[in-house]
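Notebook open, viewer open. I'm jotting down what I looked up, entry by entry.

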Amino acid sequence: MMLLMLRIIIAVSALAVALYPLWGIIWPESYRAELLEDFAGIEQAPISAIKQASAWLWLANAVFAASLAFILRYVAKDNSETNLKWAATCLINHPFLTLASDIGVHFSLARYSTNTSMAIELSGTTLMPLLFGCCLLVIHQNIKSHLPTFD
């Protein structure tokens, strides 16, 4: 029962993370308020700039959602250590893709914003997926080293 609950939570989380930035592509006018929290003065930004910013945000979210999907596949069915390796790879790359998407969003909206400064944040929160990815790689290596070989 507990495993089923965990699988449901992981699946819903992966869907939410993957679909959230798509809101800005599908309904850019309503997503403008979300972007206003980080970019002051973009009220006059055209729909195309909001869609472009949303697409940049989707990049990092899609990689994080993929990591959750690989973890879900590992937990749900095949217990293949390959799924752990791919989940770890996605998580390790997530902070760097988040940085790239933040830069993309900034350049998409900077010409319409009253505040054109940009801050690059490297914090514990930002780097947490990297740490979890490294932990998954250690788990993957541990599982791989303890599997029986048939030589």
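This is a predicted model: local features need pLDDT of at least 70, side-chain atom pairs count only at pLDDT 80 or more; totals for chains, interfaces and linings use all residues.

Where does A33 lie? I found A33 in helix 3; helices here are DSSP runs of H or I with at least four residues, numbered from the N terminus. Residues are numbered from 1 along each chain as its sequence is written, and side-chain values use heavy atoms, with hydrogens and water left out.

**Helix 3**

I checked the accessibility of A33 and got 47%, so A33 counts as partly exposed (buried is under 20% relative accessible area, exposed over 50%, partly exposed in between, with a 1.4 Å probe and protein chains only). I also took its C-alpha distance to L97, 64 residues along the chain, and that came to 23 Å.

Next I listed the buried residues of helix 3 (residues 28–36): P28, Y31, R32 and L35. They sit on the same side of helix 3, because they cover an arc of only 125° around the axis (the arc is that of the directions from the helix axis to the C-beta atoms). What covers the buried residues of helix 3? I noted helix 2 (22–26), helix 4 and helix 5 among the covering elements.

**Helix 4 against helix 5**

I looked at how helix 4 (residues 47–78) packs with helix 5 (residues 81–109): the angle is about 170° and the axes are 8 Å apart. Axes are lines fitted to C-alpha atoms, for helices over the stretch in contact, and angles run from 0 to 180 degrees between N-to-C directions. That makes helix 4 roughly antiparallel to helix 5 (over 145 degrees is roughly antiparallel, under 35 roughly parallel, 65 to 115 roughly perpendicular, the rest oblique). The residues of this contact split into 22 nonpolar, 8 polar and 3 charged. For that tally, Ala, Val, Leu, Ile, Met, Phe, Trp, Tyr, Cys and Pro are nonpolar, Asp, Glu, Lys and Arg are charged, and the others, Gly among them, are polar.

S54 is in helix 4 and is buried, with a relative accessible area of 0%. Leaving aside neighbours within four places in sequence, I see S54 in contact (heavy atoms within 4.5 Å) with P21, G24, I25 and Y31.

S67 lies in helix 4 too, and at 1% it counts as buried. With neighbours within four places in sequence left aside, S67 contacts A87, C90 and L91. I also took the C-alpha distance from S67 to P129, 62 residues apart along the chain, and got 9.8 Å.

H94 is in helix 5 and counts as buried at 13%.

**Cysteines**

How many disulfides are there? I count 0, a disulfide being a pair of cysteine sulfur atoms within 2.5 Å. The sulfur of C90 is too far for a bond, because the closest cysteine sulfur, in C134, is 14 Å away. C134 is in no disulfide, and its nearest cysteine sulfur, that of C135, is 7.1 Å away. Is C90 buried or exposed? C90 counts as buried at 12%, whereas C134 at 37% counts as partly exposed.

Terms used:
Helices (H or I, at least four residues) and strands (E, at least two) are DSSP runs, numbered from the N terminus.
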